Amino acid sequence: MSKEKKRREALIYHAKPTPGKIKIVPTKPYATQRDLALAYSPGVAEPCLEIHKDVEQVYKYTAKGNIVAVISNGTAVLGLGDIGPEASKPVMEGKSLLFKIFADIDGIDIELDTKDVDKFVETVKIMAPTFGGINLEDIKAPEAFEIERRLKEELNIPVMHDDQHGTAIISAAALLNALDLAEKKIEDVRIVISGAGAAAISCSRLYRSLGASRENMVMLDSKGVIRSDRPELSAEKKEFATDRKIDTLEEAVRDSDVFIGLSIADILTPAMLKTMNKNAIVFAMANPNPEIDYNLAMKTRKDIIMATGRSDHPNQVNNVLGFPFIFRGALDVRATKINEEMKMAAVKALADLAKQPVPEQVNIAYGETRLTFGREYIIPKPFDPRLIAEVPPAVARAAMESGVARAPIADWGRYREELLQRSGDDKKVIRWLMSRAKSMPKKIVFAEADQLDVLKAAQIAHDEGIAHPILLGNRKVIEELKEELEFDAEIPIIDQYEEDSLEKREAYARSYWELRQRKGSTLYNSRSKMRERNYFGAMMVREGDADGMISGYSRSYSSVVKPIFEVIGRASEVSRAATVHVMITSRGPIFLADTSLNIDPTAEELAEITRMTANLARAFNFEPNIALLSYANFGSSEHPRAVKVREAIRILHEQEPDLVVDGEIQTDFALNRKLRQSQFPFSKLAGKNVNTLVFPNLESANITYKLIKELQATDTIGPIMLGLRRAVHILQMGASVEEIVNMTAVAVIDAQEREKRRRAKRKK
Ligand SMILES: NC(=O)C1=CN([C@@H]2O[C@H](COP(=O)(O)OP(=O)(O)OC[C@H]3O[C@@H](n4cnc5c(N)ncnc54)[C@H](OP(=O)(O)O)[C@@H]3O)[C@@H](O)[C@H]2O)C=CC1
Ligand SMILES: CC(=O)C(=O)O
Ligand SMILES: [Mg+2]
């Protein structure tokens, strides 16, 4: 993608559909007059009075304990410099978003219009009662040091300047691991630090407390090497001033072992890099552009261990790995500060985690085949789900042991459980879907590529590397739309009406005729069918010219299903096809079946639909806990409709004893674990969170999924077609671009799975 296109994409992302990246959502009921009388006057007076009597009760009755203020004055925004408070807001909103998605902390961004240290400190102090913690961000040195020092002294909630300590913690963990790989000792290595600001000073201090010697360190600022004979040095810079008589980065870097960049882009040249010692460690962490471009550095020297602050190269050393988890641990024990012990605990937890075997889902999330501790993996990845379970407990424990925890944790097992729950499964499934598709993109026919939204989805699928699209439809329209979308990649376009497609059309018509000649088709009508896009597209997949197909955006489901069933047909191992919708809810994804095909399945058919749905959930990386829904619970009705579901359960319990499935059960008992436990403790679902719902008939399934979708405005993936011979999926009419992209990923993964099975079969 061109730089200009990336720029516009970033701007549109921030502007649409609503400006910015965060919003506030109520957590209590507010529907009725009674709710409002509790939420606000008169009920609200009660917690006010309790807190007035004992201020600590504020943690019990308000959200304070989970809110962190992300505060900046915009004087050192990333590596962009002093761009002002308003211009820093996107970064602060970004930090709030990261707080939420990684650690379930509500980050509130605050941009202060002052460069005056006293005013800044006073303002934050005045606001402090609102927050459980204060994350200072992108404030330039030396003011940042004084602001943080004073706030730490004067407030009794955790205060951390992220650019100082977040960066120091992550880079220290990465440095320890890199030194391990380079077989060097921190006490012996010569370290050059480019930058003498908030981040650089704090990192250097932490390296010293890990054993680095001051004599081996050289620090540079915008004026060059910080020498002890330089006049007017700040106290912080003096701490790292060198007695060596050198002035330039070039001189400093020669024969050094470690380069730490926390300054500005592109100041380390290949020539300088070549003068560093063997197995040099290069952390070029300036954002958004590092001190030396990753590819340029790797081209210059093969033996370096390289990291940047960016997510698009191996070894992202960025404070995103730290602040969400460090604050999580600090908040959870109501720590009065974030002290050295807590920081060291975080360093150790992160460094250790990188050496552990990496879960498959992390490999998939990053499109890697096998991440293992080594030069290209010295630090965990931000989307590693183990971070939330490892780092906060380490920080919380250190807070308790160092005497700053006001609410110590007693049950560590339960705390871990709570942490895992916080990591929320909602968007993970989409992320997983995309990464899994990207790991081996497949050729997917977009049968309605002359529709704007379908083409947009094909463009995203192509740009993101999810699929290799084939655009089927009116060539002129597709080309015009492509131009409008600036979709300038060379993508195959097939217009089945054109002269060029005649040969294929004839070949497909003959194959189709062979297939259907005893089902009433003539060669003549087979030829005319191949003019229809869904027949043509399906034949492309059938004949191996494509791996999968997406259609149905502009026509009714039933009119698209027919050609697909005629051409592709049902897989031999099943007696029917079925469809599943995955609803992305706040409690995680829920699989619903059958939402689009079987109108009134028999007990046997329901059992089969359940088995297919369970397989799909597993293919999505979820262990299925399945409820077969009814209007009745466990034998409470003898109506044939309830009996049918009971019979399906009997079949499943007999044939699939290990499958976690039960019913017939009503929806509320299925979804509410406590309620279910109180009434039906004997159920196979006891202690389980149900994530798969199989409905007794099409009406109930279809109505339910549409109801959830419209009322909750949740993301959906579906309808996912199960039980066909090929990876062909039919969209709901008018699907959104996101939904089409999701379904494209589903089609790709489906094709990947089929290929895997074919290979396994061939091996046998
Ligand atoms: N990867 C990560 O997680 C993080 C990366 N960073 C990055 O580190 C950089 C600095 O951030 P921060 O410390 O907050 O900002 P500060 O404004 O506090 O510090 C910037 C420092 O860079 C120095 N500098 C400017 N130009 C040069 C130069 N040509 N050579 C050497 N030093 C120079 C400045 O020198 P002087 O003192 O003379 O003005 C100053 O010491 C930014 O690019 C930021 O994006 C920061 C935090 C986290
Ligand atoms: C990552 C970060 O906080 C910075 O670059 O400023
Ligand atoms: Mg920052």
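1. Strand pairing. Two strands count as paired if DSSP finds at least two bridges between them. Helices (H or I, at least four residues) and strands (E, at least two) are DSSP runs, numbered from the N terminus. By these terms a hairpin joins β15 to β16 through 2 residues.

2. The model is predicted: local features need pLDDT of at least 70, side-chain atom pairs count only at pLDDT 80 or more, and totals for chains, interfaces and linings use all residues. Residues are numbered from 1 along each chain as its sequence is written, while chains are lettered from A and ligands numbered from 1 in the order in which they are written.

3. Strand β16. The strands β15 (residues 578-585) and β16 run antiparallel and are joined by 6 bridges. Within that pair, M583 stands opposite I590 of β16. β16 is also joined to β19 (residues 692-694), here by 3 bridges and in the parallel sense, with F591 opposite T692 of β19. A residue is called buried if 20 or more other C-beta atoms lie within 10 Å of its own, exposed if 12 or fewer, and partly exposed in between, with C-beta atoms placed from the backbone.

4. Domains. The bounds come from an automatic or database domain assignment. The chain is divided into domain 1 (3-27 + 63-157), domain 2 (162-174 + 182-319), domain 3 (432-567) and domain 4 (578-722). Between the C-alpha centres of domain 3 and domain 4 the distance is 33 Å.

5. Ligand 1. A residue is taken as near a molecule if its C-beta atom, placed from the backbone, lies within 6 Å of it. Ligand 1 is surrounded by 29 residues, the closest being A76, G79, G197, D221 and G309. Two or more shell residues come from each of α8, α9 (198-209) and β6 (217-221); the largest share, 3 residues, is from α9. By class the shell has 14 nonpolar, 11 polar and 4 charged residues. Here Ala, Val, Leu, Ile, Met, Phe, Trp, Tyr, Cys and Pro count as nonpolar, Asp, Glu, Lys and Arg as charged, and the others, Gly among them, as polar. Domain 1 and domain 2 both give residues to the shell around ligand 1, so ligand 1 lies between them.

6. Ligand 2. Which residues are around ligand 2? They are L78, D138, D162, D163, N287, G309, N318 and N319. This shell divides into 1 nonpolar, 4 polar and 3 charged residues.

7. Cores. A nonpolar core is a set of buried Ala, Val, Leu, Ile, Met, Phe, Trp, Tyr and Cys residues joined through C-beta atoms within 7 Å. The largest has 117 residues, and A346, L350 and V395 have the most contacts inside it. Helix α8 (residues 162-182) gives the most to this core, namely 11 residues. Domain 1 and domain 2 both contribute residues, so this core lies between them. A second, separate core has 101 residues, including L472, A607, L628 and V746.

8. Residue R505. This residue lies in helix α22 (residues 502-516). R505 counts as buried because it has 20 C-beta neighbours inside 10 Å. Two residues are in contact if their C-beta atoms, placed from the backbone, lie within 7 Å; not counting residues up to four places away in sequence, R505 touches Q496, M530 and F536. R505 and S526 are 21 residues apart in sequence, with a C-alpha to C-alpha distance of 9.7 Å.

9. Residue I304. The loop between α13 (294-300) and β10 (305-308) holds I304. I304 is buried, with 21 other C-beta atoms within 10 Å. Leaving aside neighbours within four places in sequence, I304 is in contact with A280, V282 and A297.

10. Open sheet. In the order β13-β12-β11-β14-β21, 5 strands form an open sheet with parallel pairing. β13 (493-494) and β21 (727-730) each have a single partner strand, so one side of each is left without a neighbour in the sheet. β11 (residues 442-446) and β14 (residues 548-551) pair over 3 bridges, and I550 in β14 is the bridge partner of F446.
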